[in-house]
Amino acid sequence: MNGSGTRQTASGLLPLDTTEDVRAGRAGVAVLPIGSFEQHGAFLPLVTDTVIACAIAREVAAAYPVHHLPPITISCSHEHAAWPGTVSISAATLNAVVRDIADSLRRSGIGALVLVNGHGGNYVLRNVVQESAGSGTRMALFPGSADWDAARNRAGVQTRSHSDMHAGEVETSILLHAHPELVRPGYETSDCTADDRKHLLTLGMHAYTESGVIGRPSMASAVKGKELLAGLVDSFGEYLSLLAPET
Ligand SMILES: [Zn+2]
């Protein structure tokens with residue numbers, strides 16, 4: 001049942017498999033968490049998106065036979081550059097890193113890769129997956145918007161997805177469930193609504209929020225976080241069937 005061959009994946013953020021675990025698991029599909037290092041208001045850490053991508057990946061690896069990779073922890077956060085601590089790499093670099101990882105996996109006999117993305121600003125990943133068709137490595141980008149919608153419904157998330165953009169109900173809920181020790185006081189009183197963000201890419205986040213939050217973290221709960229992850233794990237099954245129909 002557990003493709004990583006160990007229950008250790010359910011406890012930490014990083015996969016702890018040995019080469020023998022991977023040999024025994026014989027997984028044909030790899031999962032690569034992709035996070036970011038960007039501001040998430042005053043109450044969530046810069047690594048929030050990485051923690052979320054890793055939490056999704058470890059739950060997926062505990063439920064399905066996949067090769068669980070460690071995360072990419074810095075990505076495309078240029079819209080958050082106005083806040084201290086945020087670090088980015090270019091879209092071209094992220095594209096190259098992901099393609100290199102896919103090539104390496106293919107040389108070791110793994111021909112399918114799911115990008116588990118925790119940061120909405122990584123637009124380039126859509127192009128990476130788009131361009132992978134016919135390249136010899138089958139790819140998918142997970143979770144898709146329909147997967148998030150299903151998980152949000154299951155968890156009873158109240159904020160609309162457009163309003164719940166950053167450090168809001170969903171992200172805070174997942175951390176409250178998966179790593180509550182990372183959530184600092186203040187999320188209960190940090191709501192910020194900014195539904196009109198027409199020029200976000202041009203102006204950056206700071207044009208629309210002073211605190212860095214866009215959403216309603218006061219609505220977050222650990223129970224919602226647990227159900228969000230459970231919903232996403234359910235949705236992953238379809239991706240596995242798509243990429244590895246023989247499993
Ligand atoms: Zn985030």
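This report describes the sheet, helices and nonpolar core of a predicted model.

## The sheet

Four strands form an open sheet with parallel pairing. Their order is E2-E1-E3-E4. The edges are strand E2 (67–68) and E4, each of which pairs on one side only.

Strand E1 (residues 29–34) pairs with E3 over six bridges, in the parallel sense. Within this pairing, Ile34 stands opposite Asn117 of E3. E3 also pairs in the parallel sense with strand E4 (residues 138–142), here over five bridges. Leu115 has Leu141 of E4 as its bridge partner. Val116 stands opposite Phe142, also in E4.

## Strand E3

E3 spans residues 112–117. Six of its six residues are buried, so the strand is largely enclosed by the rest of the structure. The cover extends to both faces. Ala112, Val114 and Val116 are buried on one side. Leu113, Leu115 and Asn117 are buried on the other.

Leaving aside residues up to four places away in sequence, Leu115 touches Leu32, Ile34, Val98, Leu125, Val129, Met139, Leu141 and Phe142.

## From E3 to E4 through H4

E3 and E4 are parallel partners joined by five bridges. Between them the chain passes through helix H4 (residues 124–132), and this β-α-β crossover is right-handed.

Which residues of H4 are buried? They are Leu125, Val128 and Ser132. These residues cover an arc of only 55° around the axis, which puts them on the same side of H4. They pack against E1, helix H3 (91–107), E3 and E4. The other side of H4 carries the exposed residues Arg126, Asn127, Gln130 and Glu131. After H4 comes Gly134, with a positive phi near 85°.

H2 is mostly covered, with 14 of its 16 residues buried.

The largest nonpolar core has 66 residues. Val31, Ile56, Val114, Leu115 and Val116 touch the most other members. H2 supplies the largest share of this core, ten residues.

## Ala151 in helix H5

Ala151 lies in helix H5 (residues 145–155). Is Ala151 buried or exposed? It is buried, because 24 other C-beta atoms lie within 10 Å. The cut-off for a buried residue is 20 or more.

What does Ala151 touch, not counting residues up to four places away in sequence? Its contacts are Leu228, Gly231 and Leu232. Ala57 is 94 residues from Ala151 along the chain, and their C-alpha atoms are separated by 15 Å.

Definitions and conventions. Residues numbered from 1 in each chain as written. Predicted model: local features only at pLDDT ≥ 70, side-chain atom pairs only at ≥ 80, totals over all residues. Buried ≥ 20, exposed ≤ 12 C-beta atoms within 10 Å, placed from the backbone. Helix = DSSP H or I, 4+ residues; strand = E, 2+ residues; numbered from the N terminus. Pairing = 2+ DSSP bridges. Right-handed = clockwise from strand over helix to strand, strands pointing away. Core = buried A, V, L, I, M, F, W, Y, C linked by C-beta atoms within 7 Å. Contact = placed C-beta atoms within 7 Å. Arc of directions from axis to C-beta.
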